[in-house]
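Take a look at the fold before reading on.

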2 protein chains.
Amino acid sequence: MNPRIVEVRKDILKKNDVAAAALRRRFDATGLIVTSLVSSPGAGKTAFLERTLSMARARHRVAALVGDLATECDAERLRRSGVPVRQITTGTVCHLDAEMIERTLGELTLADLDWLFIENVGNLVCPASWDLGQTSDVVLFAVTEGEDKPLKYPKMFRRSRYALITKVDLLPHLDFDIDRAIGYLRDVNPDIEVVLTSARSGQGLDAWYDILRQHVRRAAHRIEEPV
Amino acid sequence: MNPRIVEVRKDILKKNDVAAAALRRRFDATGLIVTSLVSSPGAGKTAFLERTLSMARARHRVAALVGDLATECDAERLRRSGVPVRQITTGTVCHLDAEMIERTLGELTLADLDWLFIENVGNLVCPASWDLGQTSDVVLFAVTEGEDKPLKYPKMFRRSRYALITKVDLLPHLDFDIDRAIGYLRDVNPDIEVVLTSARSGQGLDAWYDILRQHVRRAAHRIEEPV
């Protein structure tokens, strides 16, 4: 990369880290859990989030922010779940940053929420460098994308706590080797927790939701309020 | 986007445009056709290129450059087709640029080639801003990604001459509306030429190859040598 852009980028990323740290302090102060979702375009983030929001809203106060270069399609789709959703349209910018989150959060009262989901722009590269103050990262990759994605986009898989392998209902029609994919995931991140899911068949959604709820419980415990 | 990074980026992109224009002059001087392939991670660029290289090498002198953040997997896979292939490993950089192409081309004798393929990093956002001196852009998107990708990543679809809808062998197992997808493609780029393909079943590959060959013929005609 050009040395001048490397230097400016380093500086901008440092500023983003400061803004993200401030966000994280705000989230921690009210015990808000922030779950970030990243993936390639079309790996199923929105379908997955739609299902998750519908499950979560029965017991928690939930909201979502959703990033895209253009269109409000995803926000419209997610609003059907009945939770507050805000679209962030980035124009030509390939990722969300902490300032965008801060600006958009202005419209929500954090103390009224237990749980915030952030769906990033579909991109397995750039979002890995931008902290948004989230509690944890979830990376999704679809069985239709091939097993080698963790090796090819290691930074994103390395920083994620959970990997959701999505669209597993399509496995019978593909030459996708699930053990090889999990092996590659563990090669780049030995601690990553893997869940096999399908938003269409519902497979893995309950297991996934139970894992996520542990977070909310722990946070609630920290601020000494039952969930 | 931060105003400082916007300014530096504009400057860097301008320098890239100069380097790309110089590449284009070199390509034109020997009548070399350069076809660039872009898509999301896992849309099938490498599988598709593998088939294309095997068809092309029977009648043309072909080579390929392939970009990835990490690994040499794709180059190894493409070398099986028997044509010269060079991997460009970008580290954390989310796109190829003209300088990377120039540096890697150093090892190839352009006058010995009719046709060069460049497979970019899997990313539907960033590569759209970086000219590589190519003759034309091909964007691939898989039926597994959903119909709305052209609307959500308009810049890439707008600058592409061809759109390959890939993995159409999976259509019977998906709720993908092909007419809607083509409609969205034409909404963002009314002139885009659309081909339905499957590297697995072979559907559309002959049609696609015929379209590509027109380019090589035209270029050969321009420098008054029959292909």
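The model is predicted. Start with the helix pair. Two packed helices are described by the angle between their axes and the distance between the axes. In chain B, helix α1 spans residues 3–30 and helix α4 spans residues 98–105. Their axes lie 8 Å apart and meet at an angle of about 40°. That angle makes α1(B) oblique to α4(B), because roughly parallel would need an angle under 35 degrees.

Which residues of α1(B) and α4(B) make the contact? From α1(B) come Asn16(B), Ala19(B), Ala20(B), Leu23(B), Arg26(B) and Phe27(B). From α4(B) come Ala98(B), Glu99(B), Ile101(B), Glu102(B) and Leu105(B). By class, this contact has 7 nonpolar, 1 polar and 3 charged residues.

Now turn to the backbone of chain A. Most residues other than glycine have a negative phi. Thr71(A) has a positive one, near 75°. Thr71(A) sits in the loop between β2 (62–68) and α3 (73–79) of chain A.

Lys167(A) also has a positive phi, near 60°. Its loop runs between β6 (162–166) and α7 (178–188) of chain A.

Are these two residues buried, partly exposed or exposed? Thr71(A) has a relative accessible area of 23%, so Thr71(A) is partly exposed. Lys167(A) has a relative accessible area of 16%, so Lys167(A) is buried. The cut-off for buried is under 20%.

Notes:
Residues are numbered from 1 along each chain as its sequence is written. Chains are lettered from A and ligands numbered from 1 in the order in which they are written. This is a predicted model: local features need pLDDT of at least 70, side-chain atom pairs count only at pLDDT 80 or more; totals for chains, interfaces and linings use all residues. Side-chain values use heavy atoms; hydrogens and water are left out. Axes are lines fitted to C-alpha atoms, for helices over the stretch in contact, and angles run from 0 to 180 degrees between N-to-C directions. Helices (H or I, at least four residues) and strands (E, at least two) are DSSP runs, numbered from the N terminus. Angles under 35 degrees count as roughly parallel, over 145 as roughly antiparallel, 65 to 115 as roughly perpendicular and the rest as oblique. Contact means heavy atoms within 4.5 Å. Ala, Val, Leu, Ile, Met, Phe, Trp, Tyr, Cys and Pro count as nonpolar, Asp, Glu, Lys and Arg as charged, and the others, Gly among them, as polar. Buried means under 20% relative accessible area, exposed over 50%, partly exposed in between (1.4 Å probe, protein chains only).
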